[in-house]
Amino acid sequence: MNLKDLPQPFIDDLVGIRRDIHAHPELGFDCVRTAALVAHKLADYGVDEVHTGIAKTGVVGVIRGCRRGGSIGLRADMDALPIVEKNTFLHASRRERIMHACGHDGRTTMLLGAARYLAETRNFAGTVHLIFQPAEEGGGGGRVMCEEGLFARFDCDRVLAVHNRPDLALGRWGTRVGPFMAAADSFEIEVSGKGGHAARPHLLCDPMVVAANLVLAIQTIVARSVSPLESAVVGVSAIEGGHLPASNVVPDRVVMTGTVRTYDPATRDLIEERLGELVQGVCSAHRAQGRLSYQRGYPPVVNTRAEVEFAHDVAAEVWGAENVEMDYTPSMGGEDFAYMLLERPGCYAVIGQGIPGEPLVPLHNTRYDFCDAIIPKGVRYFSRLVERGLPL
């Protein structure tokens, strides 16, 4: 098979797989159908070993080259999002309130395409481990796979992955050394006061007023507590309280939730500390009670220099040197590939799917769809990472 000019039937088959996965999305660790499809395809392609049941529905395929050598891990994620799809094309989701709105269907397909090519050609010395992970969307599937001994069972000298970006032009690729995606934490604040008739506020302790003051106070954390040279996001995303449609009833409590995104561990610690101080201080000033629950989520994605330089060279071969960037702007989004990068050196990169002249449909949107035009070069990129990383 010629990697530079993949045969059209090969590409058409992959597009069919991608659209089938899109039509049958699954959530979290419950990627039963998707994992079965992946395992079946890997076996059909002649992969040497197919291991299932890692982190419940994770799959790892093992392909050995024509000679002994090092090892590389390539990772794709399989789960979808709890979103109602509004697309009407034939491969739109057939599952109620579940949708592939982040491109996991495409990344799984690209890795399957690389598996087929690599199993057929074996033009490398060493072993490639193809890691298909469930529960990236908040479930921490990458963490669970690592905890269940992923790299003890399938040792990798380095591990690599990609993400598609609608806001990056089709045919472009980017990454950077060091922090590339943020730590993703969440918090919940409960404000307890004294409810009653809204016409007699002097007899009450209105948690709505306290919550409003807290929302504004929280915005000062980044502006006045975090160094201007550091990047951070702190925001309240939802507030729940009151008794709609009653307009004359003050509630006893209000609950709000929000997100915190950081790159630096010290900044992460600082924000958690300041949130606690503000909750207690603002609530105390209004004679209310406050409770903060802070949940640490994914750690930051931190790329290692040698792997970034290696991936950049491969990407330049695939997309052209003028279309690849090694100082790409980092994102405040979270990604649990970070757990794998805590255990092995590696590189996480982005590939563009934005088509000039067409409206931008962002990730996690009800009308998002993966761009099938990415698939051939995605297959080539994954495959060349192996061939150049494990040369004969």
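The largest pocket has a volume of about 690 Å³, a value that, like every other in this report, comes from a predicted model. Its lining is made up of 32 residues, and those closest to the centre of the largest pocket are Met181, Arg261, Gly333, Gly334 and His364. By class, the lining of the largest pocket holds twelve nonpolar, twelve polar and eight charged residues.

The second largest pocket has a volume of about 370 Å³. It is lined by 18 residues, and the ones that lie nearest its centre are Gln353, Glu358, Pro359, Val361 and Asp369. In the lining of the second largest pocket, ten residues are nonpolar, three are polar and five are charged.

The report now turns to helix packing. Two packed helices are described by the angle between their axes and the distance between the axes. The table sets out these values for two helix pairs.

| Helix pair | Axes come within | Crossing angle |
|---|---|---|
| α3 (residues 104-121) and α11 (residues 375-389) | 8 Å | roughly 50 degrees |
| α1 (residues 8-23) and α3 | 9 Å | roughly 145 degrees |

For the pair α3 and α11, whose axes cross at roughly 50 degrees, the angle means that α3 is oblique to α11. The crossing in which α3 passes α11 is right-handed. On the α3 side, the residues in this contact are Arg107, Thr109, Met110, Leu111, Gly113, Ala114, Tyr117, Leu118 and Thr121, and they meet Ile375, Gly378, Val379, Phe382, Ser383, Val386 and Glu387 of α11. Sorted by class, the contact of α3 with α11 has nine nonpolar, five polar and two charged residues.

Helix α3 also packs with α1, and the crossing of α1 and α3 is right-handed. Here Phe10, Asp13, Leu14, Ile17, Arg18, Ile21 and His22 in α1 meet Asp105, Gly106, Thr108, Thr109, Leu112, Gly113 and Arg116 in α3. The contact of α1 with α3 is made up of five nonpolar, five polar and four charged residues.

Terms used:
Residues numbered from 1 in each chain as written. Predicted model: local features only at pLDDT ≥ 70, side-chain atom pairs only at ≥ 80, totals over all residues. Heavy atoms only, no water. 1 Å grid on protein atoms, 1.4 Å probe; cavity = no way out; pocket = protein on both sides within 12 Å on 5 of 7 lines; lining within 4 Å. Points joined across faces, edges and corners; volume = space filled by probe spheres on them. Nonpolar A, V, L, I, M, F, W, Y, C, P; charged D, E, K, R; others polar. Axes fitted to C-alpha atoms, helices over the stretch in contact; angles between N-to-C directions. Helix = DSSP H or I, 4+ residues; strand = E, 2+ residues; numbered from the N terminus. Parallel < 35°, antiparallel > 145°, perpendicular 65-115°, else oblique. Left-handed = near helix turned anticlockwise from the far one by under 90°. Contact = heavy atoms within 4.5 Å.
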